[in-house]
Protein chains: 2
Amino acid sequence: MTNEAQWHYENFEPTGSSIGYRITRKLDEVQSPFQKIEIFETTDWGNLMLIDGAVMLTTRDNFLYHEMMSHPALFTHAAPKNVVIIGGGDCGTLREVLKHPGVEEAVQCDIDEQVTRMAEKWFPELCDSNGDQRAQLLFDDGIAYMANRPAGSVDLIIVDSTDPVGPAEGLFNKAFYDSCFRALREDGILVQQSESPLMLLKLIQEMRTEMGKAGFNTFKTLPFPQPCYPTGWWSCTLARKAGGFDFRQDDAQAKAFATKYYNAGIHHGALSTPAFVAQALGE
Amino acid sequence: MTNEAQWHYENFEPTGSSIGYRITRKLDEVQSPFQKIEIFETTDWGNLMLIDGAVMLTTRDNFLYHEMMSHPALFTHAAPKNVVIIGGGDCGTLREVLKHPGVEEAVQCDIDEQVTRMAEKWFPELCDSNGDQRAQLLFDDGIAYMANRPAGSVDLIIVDSTDPVGPAEGLFNKAFYDSCFRALREDGILVQQSESPLMLLKLIQEMRTEMGKAGFNTFKTLPFPQPCYPTGWWSCTLARKAGGFDFRQDDAQAKAFATKYYNAGIHHGALSTPAFVAQALGE
């Protein structure tokens, strides 16, 4: 820890590529029961959170991910009232969800309380809405939470997790998707971060296969820029029991809240699957 | 040069971030009169070209850049016949331009013949159309070429250059834009790569200012993913003497040629400027 700038590199074995940041100093570190959380100060990206050495978010670019994990799904559902976020401990997705006045309940269930405590300290802007009366912050196992959630009680489940290794591995298989399927109402939507559309299409295919085994039968993968994640290009995948992915375009255009990236046109663009993605996913 | 995988990192000082690749070996290297060109083999990205140490393209992701540098502008012009590419020595933009059957002339003017020779050798798929009767490959100074091009003889100028330092510096100022303005017909379009919309908005502003001094009066910046460039998110900026940026959506939807990324919906999305970009550019 010095005040001289150094470069921190994260090598992503599955993509054969690396992303790095120029950092000025380490601000904080905690070893939770689940993982090691580190906070660095960067020269150009604000603060940087690493979990077990993997970049989770930066002050500068997290809005892309958080907006795209929430608004496309929320503007696809006709009237989302009950929302559950699995993971999402940095509270950025929760903040976006609560921008929708129709949402009556937003449960955030992250296994690791320390992620939220670090976010409150180093990314306070993401925690703006934690005091909202509609918000409920649980620090518990998301798999168990979904297994115990009453059937047909949820409109939207957002799986805002780390990669499918370690604590998050159980969020990418049929058993978990079975619980989600049961908890969702008939017109409910499951949306999950689904890694790089350029390099990790096989993972998206596998996710869809597992979701399909649980009964979901329509899928849509929306790409979006996310500079701090491998390849700088990321995606979320939406799954439904039935019905398509046309969205409430007029409502999106007339939204009464501010976003930095999301708008109706960008949503339309994200729905326009590139040919190479469509081909890989057999669409 | 070994057969063991190593990591090659490129640090981008202006963005405080870095991108790297896992490489297996160096395939080629040439010092041209203008710059040093190196080719590496990677584990996951095909071949990689560096110019003076900066990543220019990879086999895996160059389609994003080449498609977005060409098709949005070509589908915005009502009937582009005469196209000039300044830079673009890897021939990937030329290939995309020639997919449009209405194009009658496509001049590629890159100062460094060695870039094209290396592309022919290591990225042969990008050079597929170099023998097209409509194509003309010049190895000359693009600034001089535009200064000498007859007035009102061009429909579309694509500036597919390296960053605004070194050989390409003269492609980002009023003198060059004056030549472009003069060479373009009244309904002509200038499109130029314009760096990262997340981190380099000041550069886009400066480009627009210089273009404005030359007489261009409408501008549109289209973001697109480009994993191998700083932040993984890139842009092109379109400039016109008059008129807007509505595009020939029906023609784009009915295009008779294949693209891997570009489609009409993605074009529409790229036109939907994110709020933070619009704000920074004063739109």
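How many helices and strands are there in chain A? In this predicted model, chain A holds nine helices and twelve strands. Its radius of gyration is 18 Å, close to the 19 Å that the globule rule gives for 283 residues, so chain A is as compact as a globular protein of that length. Along the principal axes, the C-alpha atoms of chain A fill a box of roughly 55 × 45 × 40 Å.

Of the 283 residues in chain A, 53% are buried. Contacts between residues at least 6 apart in the sequence of chain A join residues at least 24 apart in 66% of cases.

Next comes the contact between the chains. Chain A gives 38 residues to this contact, and chain B gives 38 residues. On the side of chain A that touches chain B, two or more residues come from each of the elements tabulated here.

| Element of chain A | Residues |
|---|---|
| strand 1 | 6-12 |
| strand 2 | 17-31 |
| helix 8 | 264-271 |
| helix 9 | 275-281 |

By class, this side of chain A has 18 nonpolar residues, 16 polar residues and four charged residues.

Strand pairing also links the two chains. Strand 2 of chain A is joined by five bridges to strand 2 of chain B, residues 17-31, and the two strands run antiparallel. Which residue in strand 2 of chain B stands opposite A:Ser18? That residue is B:Gly20.

Terms used
Residues numbered from 1 in each chain as written. Chains lettered and ligands numbered in written order. Predicted model: local features only at pLDDT ≥ 70, side-chain atom pairs only at ≥ 80, totals over all residues. Contact = placed C-beta atoms within 7 Å. Helix = DSSP H or I, 4+ residues; strand = E, 2+ residues; numbered from the N terminus. Nonpolar A, V, L, I, M, F, W, Y, C, P; charged D, E, K, R; others polar. Pairing = 2+ DSSP bridges. Rg over C-alpha atoms; globule rule 2.2 N^0.38 Å. Buried ≥ 20, exposed ≤ 12 C-beta atoms within 10 Å, placed from the backbone.
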